[in-house]
Amino acid sequence: MISTFMRNTANMGIEEFDVFVMGTGTAGKSVAKECVQEGLRVAIADNREFGGTCANRGCDPKKVLLGLTEIIDRAEKMKGKAITKMPEISWKDLMKFKKSFTEAVPAATEKDLKALGIKMYHQSPKFLDENTLSVEGKTVKAKNIVIATGNKPLELPIPGRDLPIISDDFLELEELPESMVFIGAGYIGMEFAHMAARCGVEVTLIDAESRPLGNFDEDMVKYLQKASEDIGIKFIFNARVKEVEKLRTNYRVKAAQNGKEISVKAKLVINAAGRVPAIDELDLKKGNIEFSKKGVVVNEHLQSPTNKSVYACGDVSASEGLPLTPLSSQEARIVAANILNKNRSKTVDFPPQPSVVFTLPNLASVGLNEKQAREKGYDFHVEQKNVPQWFNSKRINDDYYAFKTLVDKKTGLILGAHLVSAEASEMINMFVMAMCGRLSCETLKGMIFSYPSWAGDIKFMV
């Protein structure tokens, strides 16, 4: 255990801490709690409500909204096959239900941190030098500083940038408009577009790329795009947004597409153009901290190579970890261990990282895609099928069920898996277990799974 240093600098009135954490999301809270439980003096700061993005305005409330759209989707597909009337929905009631998950988060987070003796600040700190910060008008020093401020929505560099709402606002909408335009067809735009469309909103997605979800397997994305079009979602690709205008009753989004100006109108515009590291308020240069577009640059200990007093974890870290909550937890454990053990114990080593788009159907991926596998020199086999006739899909009258798996010919191990299905978000975890456990395809095929179950299908995908 690292010994704590002086509580206050007597002459200057500067409060000192063993660890100062920036950010109260999954990563920040985890580091703060582990360190204070080992006897260190810890402070934590956030310029928003305590609890972070995932619990307050991200993964959790989004998944609550998804619950309703899953019911709508299942009912629609079973019309005439037992369902005689579609359920009536109330967006306002759904928002009330969502708030039952989110409203208590900030106060509960602060209560837990206070009970542990962690000093709390409600402002974004700024670096004054390598170990000194300014926060709430006070100057503090810390032996170790942990940056866990996460990501935030990208600000559009266009006229009218203040007119679109962001994902935070979507999750607080008291009612849905007749029409929406999403700027960006990444996972945020696609997920919220599916929710809105299934609740009766006329939805258009506009994106500068030639297809949605550029980080996911192109073949699987084609199925999802078709499923999206089936529920009325319109796509405009190769269109770079130039301006957003407020009209009398609508908004107009102007874009350049193939050398021509196009425009689309809607009652509401959502900026879903992506997220960027939340570092612009921190004055990192004064702290001698290297950073890039991906976030705070870190070494194998998740430590700044230019300021060894500073660590970064979670979405704000420019590590190889994906900007996902489970990775934030993983990185937080590494940072806490290295603070407590002076970097003697933990280096970052990322296991296979699954990623899911919570549309309906789900799109899920883990491991390498074909291009990455070729670049790494693997001799691999691709198993790819479109299987809506398989029982699990057929029994719910779902037209979309497809997969692509990459298998190393030499070892028989899975290199990557890419899925589209109603339960791809759960099925992908079975591939994660197989990859982490280094289970060969022969081993998987020899296993007995429950039948009929989605998980049981994976033995026929390798």
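This is a predicted model: local features need pLDDT of at least 70, side-chain atom pairs count only at pLDDT 80 or more; totals for chains, interfaces and linings use all residues.
1. Lys 77 belongs to helix H3. With a relative accessibility of 18%, Lys 77 counts as buried, because the cut-off is under 20%.

2. Helix H4 is worth a look next. Its 12 residues, 91-102, should span 16 Å at 1.5 Å a residue, and the end C-alpha atoms are 16 Å apart, which agrees. The buried residues of H4 are Trp 91, Leu 94, Met 95, Lys 98 and Thr 102. Viewed down the axis of H4, the buried residues fall within an arc of 100°, so they line one face of the helix. Lys 92 and Lys 96 are exposed on the other side of H4. The cover over the buried residues of H4 includes helix H2 (52-57), helix H3 (59-77), helix H5 (105-115) and helix H6 (167-170).

3. Met 220, Val 221, Leu 224, Gln 225, Ala 227 and Ser 228 are buried in H8. Down the axis of H8, these buried residues fall within an arc of 160°, so they line one face of the helix. Among the elements covering them are helix H7 (187-198), strand S11 (234-236), strand S21 (362-367) and strand S24 (414-421).

4. The two ends of H8 have details of their own. At the start of H8, a side-chain oxygen of Asp 217 comes to within 3.1 Å of the backbone nitrogen of Asp 219. Just after H8, Gly 232 has a positive phi of about 100°.

5. Now for the nonpolar cores. Which residues touch the most other members of the largest nonpolar core? Among its 70 residues, they are Phe 170, Met 180, Phe 182, Val 203, Leu 205, Leu 363 and Phe 431. Setting aside neighbours within four places in sequence, Leu 205 is in contact with residues including Phe 182, Ala 185, Met 190, Ala 193, Ile 233, Phe 235 and Ile 236. A second, separate core has 46 residues, including Ala 32, Phe 50, Ala 142 and Cys 313. As background, nonpolar side chains tend to be buried together in soluble globular proteins.

6. The aromatic pairs come to 13. In one of them, the rings of Phe 170 and Phe 182 have centres 6.3 Å apart and planes at 50°, so the pair is tilted. This pair links distant parts of the chain, with Phe 170 in helix H6 and Phe 182 in strand S9 (residues 179-183), 12 residues apart. Phe 170 and Phe 182 are both buried.

7. Compare the rings of Trp 390 and Phe 460: their centres are 6.4 Å apart and their planes stand at 80°, so this pair is edge-to-face. Trp 390 sits in the loop between strand S22 (380-386) and H11, while Phe 460 sits in the segment after helix H13 (441-445), so the pair ties together parts that are 70 residues apart in sequence. Trp 390 counts as buried because its relative accessibility is 18%. Ring pairs also link Trp 390, Tyr 401, Phe 403, Trp 454 and Phe 460 into a cluster.

8. Asn 392 lies in helix H11 (residues 391-394). Is Asn 392 buried or exposed? At 3% relative accessibility, Asn 392 counts as buried. A polar atom of the Asn 392 side chain lies 3.0 Å from the backbone oxygen of Ser 453. The side chains of Asn 392 and Asp 457 are joined by a polar contact of 3.0 Å. Neighbours within four places in sequence aside, Asn 392 is in contact with Pro 452, Ser 453, Trp 454 and Asp 457.

9. Finally, a glycine in a loop. Gly 150 is located between strand S7 (138-147) and strand S8 (151-153). Gly 150 is buried, with a relative accessible area of 14%. Beyond neighbours within four places in sequence, Gly 150 is in contact with Val 276, Pro 277, Ala 278, Asp 315 and Val 316. From Gly 150 to Lys 385 there are 235 residues in sequence and 37 Å in space, C-alpha to C-alpha.

Note on methods. Residues are numbered from 1 along each chain as its sequence is written. Side-chain values use heavy atoms; hydrogens and water are left out. Helices (H or I, at least four residues) and strands (E, at least two) are DSSP runs, numbered from the N terminus. The expected span of a helix is 1.5 Å times one less than its number of residues. Buried means under 20% relative accessible area, exposed over 50%, partly exposed in between (1.4 Å probe, protein chains only). The arc is that of the directions from the helix axis to the C-beta atoms. Contact means heavy atoms within 4.5 Å. A polar contact is a pair of N or O atoms within 3.5 Å; within protein, one must be able to donate a hydrogen and the other to accept it, and residues adjacent in sequence count only if both atoms are side-chain atoms. A nonpolar core is a set of buried Ala, Val, Leu, Ile, Met, Phe, Trp, Tyr and Cys residues joined through side-chain atoms within 4.5 Å. Rings of Phe, Tyr and Trp (its six-membered ring) pair if their centres lie within 6.5 Å; planes under 30 degrees apart count as stacked, over 60 as edge-to-face and the rest as tilted.
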